[in-house]
Amino acid sequence: MKEKNSTFAVKGMTCASCVRIVEKNLKKINGVKYVSVNLATEKAFIISDDSVNEEDFKKAVENAGYKMSKEIPTSDILEERFKSDFKNMKLALYITIPLMVLMIFNMSGVKIPYFEWIELFFGGFVVFFTGRKTLNGAKIAVTHFHANMDTLVSLGAIAAWITTVFAILGLNILSFGTIAAMLIGFQLTGRYIESKLKFKASKDIRSLLEMRVKNANLVIDEEIVSVPTETLKQKDIVIVRMGEKIPADGKIIEGKGSVDESMITGEPIPVEKNINAEVIGGTILNSGVIKVEVEKIGEDTFLSQMIKLIEEAQSSRVPIQGFADRVTMYFIPVVFFISLIGALIWYFNYDNLQSFLVSMSNVIPWVNPNAGALSTSIFVFVASIVIACPCALGLATPMALVAGSGVAARKGLIIKNGEAIQLAKDIDTLFLDKTGTITKGKPEVVETNISDDLFEIVASIEKNSVHPLAQAVVNYAKRKNSIKNYDFDSIEEISGSGVIGVLDNKKYYIGKSKDSNKYKNLMEKGHTVIEVSVDESVAGYISIFDPIKEDTIDAIKKIKNSGIQPIMLTGDNEITAKAVANSVGIDKFISGVKPHEKVKNIREYQINGKKVGMVGDGINDAAALKSADIGIAIGTGTDLAIESADIVIVKGKLSKVFDAIEISKVTFKKIRQNLFWAFFYNIIAIPLALSGILHPAIAEIAMTFSSINVIMNSSRINKIFK
C-alpha cells in the first residue's frame, strides 16, 4: 500500500509527558508506521498508509486531551500569544511579590494582621485565576489518565494553598499560601520566557513562511490584474517589477533581471536571470522587469517543499532521544511516589530528623526546624514534585533540532532527519560523484571530428537520454542549428556505457571507447571523450568538458582537514578521473563505475568499519545515497523531491557539504549537552528537596531555569554559524 507523510500542529502540550501520550495514541492507529511529536514546534510528523485519514489523527489527539490543527501560527498570532502570557504573568507577579515581602516580615517575627486571610484570598486568586491555564492543563491530563508538568505544579500549588485553609480552621500547621502563589507566578514567568526564546529560535523557518507571496500581478489580455497567489494556475503569466517578490515557481518568458535568492540558497550575491531561466517563488527581483510563466503552484512549489522538509526534520527523532523518552515515560509517576514516600518518612520520623533541620537552619534561612511534622512533610512533598518537572528533558532534543535546521535552511541546506545529525559526527569517508558534484554538471562539447550530417543523427539519438553528456551533445547541436528528427527503428540506452540507435538498417553507437588511449591527450586535460561508431566502425569522437565548481578545491581541503577522506566515484575512464581528482586535491578515486557499482564500493568500505557519506545529484546516485550512512544530495533546478538523501544541498556548492557536516556535529553536541544538564539537574535537585532544605519556590525557579538553559544553549547554534 502507498505511504504518505502528514504534518499538523498539536495544541496544548506543555512537557515531554504530553508528547509521549500524544505519540502513544497516534501509534495505536492501524496503518501508522512512524510517529514523532516535537514539543518545541508543537507539531506531529507521521508516516502512514494512504488509507489513514485526517479524522483518525484528530480523534487520536483529542483522546489524549489535546487539539489538532492544520493551521500554521503566523507571527501576528504568536505575538498576540506573547502579549496574553505577559499580561497574565504581570498580574501574578503584582500580587505574588508583595505577598513574598509580607511573608518575609512575618517569618522574621513582625506580626502581620490577618496575614493568613491575605494569603487565602490573594494566593487563591493567583492560583485559580492567573494559573487557570495550568490548572486546565492538569485537568486535561488527569481526566485522560496521565500526568504532565501542569499536574505537578498544580498539585504543589493547591497543596500549599490548602495549608492556609487548614491553618485558618485552627489546625496546627504552617500556612504556605504565599508559596502557592510563588509556584504559579514563577511558572508563568518561566513559561513566558520559554515561549519567547522558542519563538526566537524558530525565526529561520518563520522567515521562509513569510516569503510566501499573498498577491500576484496576473496578465490577462494585456491587462494586469492583482489576484491572490493561491488562485494562480499553471501556464498563467505574471509580471514582476523591481523590488517585488516572485509569486510562484516558473520560467522567464520576457525580460531579464537580478534575483536575490539568498533566503533559499544561502548565497548573498544576486543571480542574473534571462529568458528561459527558472525562478523560485518568494525570491526578490532586485532589478529589471520580467514576465514569468507559472510552472508550479501550491504544495508543488520549491518553497513549499523546502518548508515541508524542514518541518519534517524538526519533528524527527534523534536516536539518543530514545533514552530520554524511556526515562520520562516513568518519570512523573516515580517522582510522585518518591515525593509521597519522602513526605511520609518526614511525618513519621520528624523527631529523629529534626536535629538535621536544626543544623541546616544555621546555614539556610528558610529552613524551619520547629515547623512540626505535618508542615515539614507537606513542605518536602511540594518541593519534590515541583523540582522534578521533566520540561528540560522534553526540550533537550527538539530545541536543538529547531535551531540546527533553522541555521541549515539559512545556508541553503536541509537536514531531513534527526538520525543524520547523530551519524554525521562519525563520518570518516566521503564518496563524491564527479558530474554535478565536483564539476558544475553543465558539460559542453569543446571538440569533435565527425561530420555535420553524422552529428545531426548523433544529436537526435542523444535526445532520448537524460545523461548530462547526452544533453551537452544536444545543446551543441541546437547552437549550430543541426538537430533534426529521424524515425529510428530502435534506440537503446546501456547504463554506464552509451546509446545505440538503428536507422535505415545502420547501427549507431555513441558512448565509451573500446581503446581510450587514443584520446589520452584530451583526457589528461580532464575531458570526457565519447566515441561514435557506425556499424562497428569508428567514425569519430566528441570531446566534452565539465568545468570544476569554483569552490571545489577549498571544500576538499576543508573536508580533508576535518579528518574525512574524500574519494571520487565516476563512470569516466581512469585518465580523465585522475586529471579531475588531481586538479581538486583528491588523493583517491574509483573510475569506470556504473551506477549500481557505486553501492558495491560503499558496502566494501562499510564492511571494513568505515562510516561512509555519499554526495551525489539525487537521481543517478539514488541507490548509493540510500546505501551510505549519510546521503547528501545536490539539489537540481527547483526540484527538492530527493527521497534517497538524508541531507539536501538546495543549490550546488560543494562547500555546503562541509557546512552540513559541521552543523550536524554542533547540533548533536548541543543535544548531548542539553540532555546531560537536564539529567544532572534532577539528580542534584531531587535529593535536596527530599532532605527538606530546598524551598518549593526555589525549586520552581530552578526547574524553570533548567528549561531556559536548554533553550539558550540550543540557540547558541545560531551564533556559532553567523
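Q: At 4% relative accessibility, does Glu 531 count as buried or exposed?
A: In this predicted model, local features need a pLDDT of at least 70 and side-chain atom pairs count only at pLDDT 80 or more, whereas totals for chains, interfaces and linings use all residues. Residues are numbered from 1 along each chain as its sequence is written, and side-chain values use heavy atoms, with hydrogens and water left out. Buried means under 20% relative accessible area, exposed means over 50%, and partly exposed lies in between (1.4 Å probe, protein chains only). With its 4% relative accessibility, Glu 531 therefore counts as buried.

Q: How many residues apart in sequence are the parts that Lys 518 and Glu 531 tie together?
A: Lys 518, at 46% relative accessibility, is partly exposed. A salt bridge requires a side-chain nitrogen of Lys or Arg within 4 Å of a carboxyl oxygen of Asp or Glu, and the side chains of Lys 518 and Glu 531 meet in one at 3.1 Å, N to O. Because Lys 518 lies in the loop between β17 (506-511) and α19 (520-523) while Glu 531 lies in strand β18 (residues 528-534), the parts that the pair ties together are apart in sequence by 13 residues.

Q: What is the relative accessible area of Glu 293, which forms a salt bridge with Lys 235?
A: In this pair, the closest N and O atoms are 3.6 Å apart. Lys 235 is exposed, with a relative accessible area of 62%, whereas Glu 293 is buried, its value being 17%.

Q: In which strand does Glu 254, the salt-bridge partner of Lys 291, lie?
A: Glu 254 is partly exposed, having a relative accessible area of 45%. Its side chain meets that of Lys 291 in a salt bridge of 3.9 Å, N to O. The pair ties together parts that are 37 residues apart in sequence, because Lys 291 lies in strand β11 and Glu 254 (within residues 249-260) in strand β8.

Q: What is the average twist from one strand to the next in the open sheet of 4 strands?
A: Two strands pair if DSSP finds at least two bridges between them, and this sheet has the order β2-β3-β1-β4 with antiparallel pairing. Strands β2 (32-38) and β4 (67-69) each have a single partner strand, so one side of each is left without a neighbour in the sheet. From one strand to the next, the twist averages 30°.

Q: How far apart are the centres of domain 1 and domain 5?
A: The domain bounds come from an automatic or database domain assignment. Domain 1 covers 3-72, while domain 5 is made of 413-439 + 549-650. Taken over C-alpha atoms, the separation of their centres is 35 Å.

Definitions and conventions:
Helices (H or I, at least four residues) and strands (E, at least two) are DSSP runs, numbered from the N terminus. Axes are lines fitted to C-alpha atoms, for helices over the stretch in contact, and angles run from 0 to 180 degrees between N-to-C directions.
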